[in-house]
Amino acid sequence: MVTPGPAAAVASVPGHLLRTVRAARRVSVLTGAGVSAESGIPTFRGAGGIWGKYDYTRLATPAGFSEDPRLVWEWYRLRQREIWKARPNPAHDVIAAMEMRFEDFHVITQNIDGMHERAGNRKVIELHGNIWRMRCTRDGTMIGIPGPVGEIPPVCQCGSLMRPDVVWFGEALSPAVLEVASQAARESDVMFVVGTSAVVHPAAALPALTKDSGGVVIEVNLEPTDVSTYADVSFFGRAGEIMPALWTLISSPERFMTGHPIIRDR
Ligand code: APR
């Protein structure tokens, strides 16, 4: 079901769906670049998207890195500076609050910006790695990056190059991470899908796992995606506006449900 504008969208949530969300124990939120857009971090596709400006084959592939590691690190350093200046937005804050409310909660993110952790989430499954970590190209030794500083390209104690600990095009996700994410999706009573174009797999297949396991899928995006074809409800608008409005409804007292003029039982 599709609804316009944040306030109208939230007001027309079917009562049964709201009750399902309120009663849910196991909840997951799958996020993409759109959840960080209102923090000033550009998305990858669509208007102003990163891949419209930069050549991913040179900047986000193993081949591009071996050809010119300095260029790749200069680009990641640029992104680190952008992300370092950014602040979590109201969508991040709601997702952090959800972790406190729901008994078994996971954020499954495609984002490498670390914004969910900065907003206070602890149960974060990072599908595509994290821009604040690097690893040795020889033995995989992982090191945290304290900020957008330091020599580039960084070199490991063993003398080998360090690479950003992110998943590049043509690379597989960590099987262990993917299994944890798939299990969380399968076991979710409710999955919120926020700010992803749902074109990159295997992440894009996770909401269908929830749906096929009998769970409810609630989408928040500026525009329709493949998930919209099977989501129980899709809200089209800015996550930073819709998530707080949804959260107000989800966390408002039960009496809000019956007899309130904007909530109709369908
Ligand atoms: N609120 C809600 N949704 C938004 C907002 C917003 N303020 N701004 C943008 N969006 C939506 C867009 O409509 C789009 O559907 O967020 C989505 C962003 O899509 P992409 O840029 O494709 O980002 P994502 O889905 O995270 O990309 C997946 O692709 O490039 C790789 O590894 C990279 O993790 C990334 C993966």
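1. Leaving aside its neighbours within four places in sequence, N111 touches T31, G32, A33, V35, S36 and G129, where contact means heavy atoms within 4.5 Å. This is a predicted model, in which local features need pLDDT of at least 70, side-chain atom pairs count only at pLDDT 80 or more, and totals for chains, interfaces and linings use all residues. Residues are numbered from 1 along each chain as its sequence is written, and side-chain values use heavy atoms, with hydrogens and water left out.

2. Where does N111 sit? The residue is in the loop between β3 (104-109) and α7 (115-119). Helices (H or I, at least four residues) and strands (E, at least two) are DSSP runs, numbered from the N terminus. N111 counts as buried because its relative accessibility is 7%; buried means under 20% relative accessible area, exposed over 50%, and partly exposed in between (1.4 Å probe, protein chains only).

3. By contrast, A63 lies 48 residues from N111 along the chain, and their C-alpha atoms are separated by 22 Å.

4. H116 belongs to helix α7. Is H116 buried or exposed? With a relative accessible area of 2%, H116 is buried. Apart from neighbours within four places in sequence, H116 is in contact with T31, V35, H92, I95, V107, T109, N121 and V124.

5. For the chain as a whole, the secondary structure comes to ten helices and ten strands. Of its 266 residues, 51% count as buried. Among contacts between residues at least 6 apart in sequence, 67% join residues at least 24 apart.

6. Why does the radius of gyration agree with a compact globule? A globule of 266 residues would have a value near 18 Å, and the chain has 19 Å, so the two agree. The radius is taken over C-alpha atoms, and the globule rule is 2.2 Å times the number of residues to the power 0.38. Along the principal axes, the C-alpha atoms fill a box of roughly 70 × 35 × 30 Å.

7. The chain exposes about 12,200 Å², of which carbon and sulfur atoms supply 56%; accessible areas come from the Shrake-Rupley method with a 1.4 Å probe.
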